[in-house]
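The report below goes through a structural model piece by piece, with the cut-off behind each term stated where the term is used.

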Amino acid sequence: MPSRSCSNLLDLAESSSDYTDPTRLHSPRLPRVMTLSNVLSDDSLESPPSSPSLTRRIIVSHRLPLRVSPPVPPSRLPSFSLDPDSISILLLSGLPEKAPVLHVGTFPLFVSPDLQEEIAELLLSRFNCVPVFVPPETHSLFYHSFCKRHLWPLLHSQLPLAVSGSGPTPFPTNLWRAYVSANKLFADKVLEITNPEDDLVWIHDYHLMALPTFLRRRSPRIKLGFFLHSPFPSSEIFKTLPSREDLLRALLNADLVGFHTFDYARHFLSCCSRLLGLDYASKRGHLAIEYYGRTVTVKILPTGIHVGRLHSNAESSETKSKVSELVDRYYGKIVLLGIDDMDVLKGIGLKFLAMERLLEDHPSLRDKVVFVQIANPARSQGTDIQHVQDQTHSLATRINARFGYEAIVLIDGPVPTLEKAAYYAVAECCVVNCIRDGLNLVPYKYTACRQWSPALESKPKKSVIVVSEFIGCSPSLSGAIRVNPWNVDDVAEALNLAITMPESEKQLRHDKHYKYVSSHDIAYWARSFDQDLQRACKDHYLKRCWGIGFGLSFKVVALGPNFRKLSVEHISSAYRRTSSRLILLDYDGTMMPQTSISKTPSDEVISVLNSLCADPKNVVFVVSGRGKDSLSKWFASCDKLGISAEHGYFTRE
Ligand SMILES: O=P(O)(O)OC[C@H]1O[C@H](O[C@H]2O[C@H](CO)[C@@H](O)[C@H](O)[C@H]2O)[C@H](O)[C@@H](O)[C@@H]1O
Ligand SMILES: O=c1ccn([C@@H]2O[C@H](COP(=O)(O)OP(=O)(O)O)[C@@H](O)[C@H]2O)c(=O)[nH]1
């Protein structure tokens with residue numbers, strides 16, 4: 001399939017409307033279609049970007065890195081504090097120390113419009129946070145309904161459109177509209193605070209996949225990175241989404257698109273190829289898609305943990321005292337641990353079934369092994385979540401009753417981070433059995449907590465991880481026991497292996513993982529992404545940009561500074577002045593419209609060719625990838641026309 005990335009250049013050249021620089025900070029409303037505009041002034045073509053270490057970074061994510069509690073009268077305002085454990089804060093460790101940073105996002109509390117300005121000022125001055133106020137009804141449709149019930153399952157390879165019980169249901173366009181509206185509100189806020197000439201904008205995750213289009217539309221040279229924290233499914237799944245092209249085009253409006261794994265990037269590239277006809281190439285170690293003259297870099301870059309933060313968690317007195325409590329409680333027992341959000345995709349029930357099979361197959365382990373499962377509160381609502389919660393509880397109860405002891409300890413609810421650190425520290429093995437997950441940092445946190453575990457203080461460090469092959473971190477954990485979570489026997493055997501393997505092997509596996517986790521930490525991830533974003537945008541100021549397309553199909557055509565629109569006057573005067581001319585003509589898309597069903601040249605084409613060939617000053621060739629037989633048949637009546645068929649493999653002079 002031919003690349004369609006430049007097919008609209010002709011339409012572009014047809015138009016001649018012009019308007020002034022839309023890269024200004026507070027642009028007034030721009031027309032929905034920008035047909036042709038010289039976006040860059042010649043002055044700006046010459047000005048290089050400012051120093052990267054002082055460049056401002058704008059971090060955009062659904063939620064601001066804040067902890068929020070409702071107002072306590074007489075105060076009218078909620079109380080806010082920075083959440084030091086949120087990814088948006090942890091990633092700052094990888095950005096240049098002096099670079100100013102602004103965070104853009106929502107917070108999970110409704111505030112009446114008359115308080116919004118006051119809150120915005122407070123958040124900006126105290127936390128460098130810029131709130132986006134999405135009306136509650138829109139937010140609920142955007143987040144709970146579209147993101148969590150449609151996009152999230154789809155990105156995790158589940159088909160929400162077909163699982164309603166009563167058969168496939170139509171795509172809910174009102175929910176899609178809410179998603180687009182929320183993304184537009186984010187765009188308004190980002191554009192209000194961004195200086196597109198200098199700032200680097202980094203958008204996070206699937207909630208904001210449409211955002212790059214709205215930003216690019218209003219600011220064609222904005223420097224835009226997007227990182228998808230969730231998986232990207234195969235094209236067979238992705239293409240069930242009616243707004244699939246819009247979302248792909250939106251991601252292509254970023255300069256850099258990051259994924260956790262090679263598979264997710266591969267799926268994205270194949271969607272671009274199958275749905276948009278775009279090819280990709282490997283350029284200096286990066287994957288790149290040429291999209292209307294812009295190069296979109298695709299990067300595979302799994303995130304990591306903040307090792308220092310986990311170290312201080314392990315050293316805290318709260319963790320230490322919880323560790324000694326747990327050591328006493330589980331004295332003489334082997335603790336297997338799972339920590340997951342309560343979610344359909346986490347495979348908690350499958351883990352319990354594997355634990356049951358383990359105790360069935362290895363009676364000697366009864367009373368000796370306990371599986372502690374912490375289930376964080378669900379992040380979405382719905383009957384499926386309720387079902388999974390009920391099923392989890394009833395499985396645990398049944399299995400415990402069957403073996404006559406608390407083989408499964410289910411802690412269903414919020415557990416403080418330092419307490420979780422203690423559970424990680426005492427667990428002999430950590431089990432992550434999701435049927436699908438973007439990366440999943442649990443095995444990394446476990447490895448770090450075991451490294452400084454007060455329970456292993458003077459002993460050699462050891463840990464074992466059982467990990468589903470369907471989660472992003474699986475390829476990076478070379479010492480883990482990989483399982484297919486659907487195969488209960490396989491998981492049970494992996495648990496048995498984890499318990500019974502020699503101590504020296506547990507140490508070896510731990511060392512391998514700790515080495516990886518401590519070198520590929522969150523700072524490494526953020527630094528690499530940030531540097532790649534700068535690299536991806538370094539030629540922005542050299543390019544001339546034109547915006548084309550409606551709404552979410554908007555894209556920017558970028559051309560080098562020497563690229564000029566061909567002028568008919570220029571060509572005809574040159575034609576008249578020249579006494580010897582070589583004319584090379586492409587066939588498809590030039591003599592024949594791309595969309596034409598009949599591929600045979602029209603009488604008009606034949607007549608134009610014959611009059612060109614009749615001039616003795618002209619040598620005329622058709623150059624095409626098409627076969628020699630069809631070309632010579634079609635142009636049989638043009639006996640002075642040269643044909644270069646099959647990309648030049650056959651030539652008729
Ligand atoms: O539930 P949401 O509010 O929609 O947020 C989605 C999830 O975001 C975080 O997980 C994602 O990022 C992690 C780090 O890159 C990655 O390991 C995980 O696979 C992604 O899903 C957050 O940790 C989850 O609790 C959220 O559900
Ligand atoms: O991307 C991340 C997310 C979390 N953490 C650290 O891991 C610990 C526990 O993480 P989280 O906030 O997810 O808390 P939990 O859900 O485990 O209570 C905290 O100290 C975080 O600073 C991290 O290093 N990288």
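## Surroundings of ligand 2

Ligand 2 is surrounded by 14 residues, of which the closest are Asp 85, His 306, Asn 313, Lys 420 and Lys 445; a residue is taken as near a molecule or strand if one of its heavy atoms lies within 4 Å of it. This is a predicted model, in which local features need pLDDT of at least 70 and side-chain atom pairs count only at pLDDT 80 or more, whereas totals for chains, interfaces and linings use all residues. Residues are numbered from 1 along each chain as its sequence is written, chains are lettered from A and ligands numbered from 1 in the order in which they are written, and side-chain values use heavy atoms, with hydrogens and water left out.

Polar contacts are pairs of N or O atoms within 3.5 Å; within protein, one atom must be able to donate a hydrogen and the other to accept it, and residues adjacent in sequence count only if both atoms are side-chain atoms. A polar side-chain atom of Lys 445 lies 2.6 Å from an oxygen atom of ligand 2, and for Lys 420 the corresponding distance to an oxygen atom of this ligand is 2.7 Å. Thr 417 also places a polar side-chain atom 3.0 Å from an oxygen atom of ligand 2.

## Surroundings of ligand 1

Around ligand 1 there are 16 residues, the closest being Tyr 143, Lys 148, Tyr 206, His 229 and Arg 379. Tyr 206 has a polar side-chain atom 2.5 Å from an oxygen atom of the ligand, and His 229 has one at 2.6 Å from an oxygen atom of ligand 1. In the side chain of Arg 379, an N or O atom is 2.7 Å from an oxygen atom of ligand 1.

Helices (H or I, at least four residues) and strands (E, at least two) are DSSP runs numbered from the N terminus, and two strands pair if DSSP finds at least two bridges between them. Strand β1 (residues 57-63) is largely enclosed by the rest of the structure, because six of its seven residues are buried; buried means under 20% relative accessible area, exposed over 50%, and partly exposed in between, with a 1.4 Å probe and protein chains only. Strand β1 runs parallel to strand β6 (residues 200-204), to which four bridges join it, and Arg 57 has Leu 200 of β6 as its bridge partner. With β4 the pairing of β1 is also in the parallel sense, over five bridges, and Val 60 stands opposite Val 104 in β4.

## Thr 106 in strand β4

Thr 106 belongs to strand β4 (residues 101-106), and its relative accessible area of 3% makes this residue buried. The side chain of Thr 106 reaches the backbone oxygen of His 62 at 2.6 Å, while a polar contact of 3.0 Å joins it to the side chain of Arg 63. Leaving aside residues up to four places away in sequence, Thr 106 touches (heavy atoms within 4.5 Å) several residues, including Ser 61, Leu 64, Val 132, Val 134, His 139 and Phe 186.

## The sheet β20-β21-β22-β23

An open sheet of four strands has the order β20-β21-β22-β23, with mixed pairing. Strands β20 (581-586) and β23 (650-652) stand at the edges with a single partner strand each, so one side of each is left without a neighbour in the sheet. From one strand to the next, the twist averages 15°.

Three bridges pair strand β21 (residues 618-623) with strand β22 (residues 642-645) in the parallel sense, and Phe 621 stands opposite Gly 642 in β22. Helix α21 (residues 603-614) lies across β20 and β21, running at about 145° to β21; axes are lines fitted to C-alpha atoms, for helices over the stretch in contact, and angles run from 0 to 180 degrees between N-to-C directions.

## Cysteines

With a disulfide defined as a pair of cysteine sulfur atoms within 2.5 Å, the count comes to zero disulfides. Cys 449 is in no disulfide, and the nearest cysteine sulfur, that of Cys 430, is 9.8 Å away; Cys 449 is buried, with a relative accessible area of 1%. Cys 613 is likewise in no disulfide, the nearest cysteine sulfur being that of Cys 638 at 6.3 Å, and Cys 613 is buried at a relative accessible area of 7%.
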